[in-house]
Amino acid sequence: MAGLYAMTGFNAFRKDMVHPLKQQGKGHGLRVSYVEVHKLVALRAPEIQRSFSPETILCIGGGGYIPGRILRTYFPSLPLLAVTISLYVDEQLEVRPEPLLVQWLDEPTAARHIRGKRVLVVDDIDDTRTTLAKLCVELRKLQPADMAFFVLHSKRKSKVIESDPSRWFIGQQIDDIWLEYPWNALDPEKHHQGL
């Protein structure tokens, strides 16, 4: 029941989240379509293969799940793993002092797919880099051979960590604007139509 309550509160909040796009007008917000997501992934996949050659894809939930799955289309033999890190406190969406690991890798999975492997971490957006910084710390404990990050969008602004990890693959650099991805839309048809 608590999960249902949290989701109800979150959905009530999300209804208001669309307003920045409508209130601020064009140029201040961006609705991203599934087709645009696929194109950004397809654009960077050859570069990722050429310069990093990942052995495991690790998606950060919830924004990294869909881009990670699309990326696996270009790397069909790679394992696709998922973790969840929460920066927000339940339905209020207040920022936590530190991101919380909600779902992490068990030891057999880490031993088989992370330790000694080149791990590509996938997320939808690099905003402040707080969540990605937490993931870096936790992932290093599992001793990957190397790691790189792929994000659909990276905002031009100061970050919690500037140069770590050493490899970043970015679908598109953007200004510090509001983004709405299709997987966050309560009404996918309205999102698709730009309403």
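The secondary structure of the chain comes to 7 helices and 8 strands, where helices (H or I, at least four residues) and strands (E, at least two) are DSSP runs numbered from the N terminus. The model is a predicted one, in which local features need pLDDT of at least 70 and side-chain atom pairs count only at pLDDT 80 or more, while totals for chains, interfaces and linings use all residues. Residues are numbered from 1 along each chain as its sequence is written, and side-chain values use heavy atoms, with hydrogens and water left out. Of the 195 residues in the chain, 42% are buried; buried means under 20% relative accessible area, exposed over 50%, and partly exposed in between (1.4 Å probe, protein chains only). Among contacts between residues at least 6 apart in sequence, 68% join residues at least 24 apart, a contact being heavy atoms within 4.5 Å.

Six strands form an open sheet in the order E4-E3-E2-E5-E6-E7, with mixed pairing. Strand E4 (94-103) and strand E7 (167-174) stand at the edges with a single partner strand each, so one side of each is left without a neighbour in the sheet. From one strand to the next, the twist averages 20 degrees. Two strands are taken to pair if DSSP finds at least two bridges between them. In general, the strands of a sheet pair through backbone hydrogen bonds, either parallel or antiparallel.

Strand E5 (residues 118-126) has partners that can be followed residue by residue. With strand E6 (residues 146-155), E5 pairs in the parallel sense over 8 bridges. Strand E5 is mostly covered, with 7 of its 9 residues buried.

Helix H3 (residues 34-51) packs on the sheet, where it touches E5, E6 and E7, and its direction makes about 155 degrees with that of E7. Axes here are lines fitted to C-alpha atoms, for helices over the stretch in contact, and angles run from 0 to 180 degrees between N-to-C directions. The buried residues of H3 are Val37, Leu40, Val41, Ala45 and Ile48, and these pack against helix H4 (65-74), E5, E6 and E7. At 1.5 Å a residue, the 18 residues of H3 should span 26 Å, and the end C-alpha atoms are 26 Å apart, which agrees; the expected span is 1.5 Å times one less than the number of residues. H3 also has a kink of about 30 degrees at arginine 44, shortly before proline 46. The bend at a residue is the angle between axes fitted to the seven residues ending there and the seven starting there. Just after H3, serine 53 takes a positive phi of about 50 degrees.

Helix H6 (residues 130-140) lies across strand E2 (56-61), strand E3 (80-89), E4, E5, E6 and E7, running at about 170 degrees to E6. H6 is mostly covered, as 8 of its 11 residues are buried: Thr131, Leu132, Ala133, Lys134, Leu135, Cys136, Glu138 and Leu139. What covers these residues includes E2, E3, E4, E5, E6 and E7. Glutamine 143 lies in the loop between H6 and E6. Although glutamine 143 and arginine 115 are 28 residues apart in sequence, their C-alpha atoms are 4.9 Å apart in space. Leaving aside residues up to four places away in sequence, glutamine 143 touches Ile114, Arg115 and Gly116.

Cysteine 59 is buried, with a relative accessible area of 2%, and cysteine 136 is buried, with 1%. The count of disulfides comes to 0, a disulfide being a pair of cysteine sulfur atoms within 2.5 Å. Isoleucine 174 lies in strand E7 and, at 6% relative accessibility, counts as buried. The C-alpha atoms of isoleucine 174 and serine 154 are separated by 6.1 Å, although the two residues are 20 apart along the chain. Not counting residues up to four places away in sequence, isoleucine 174 touches His153, Ser154, Lys155, Arg156 and Leu179.
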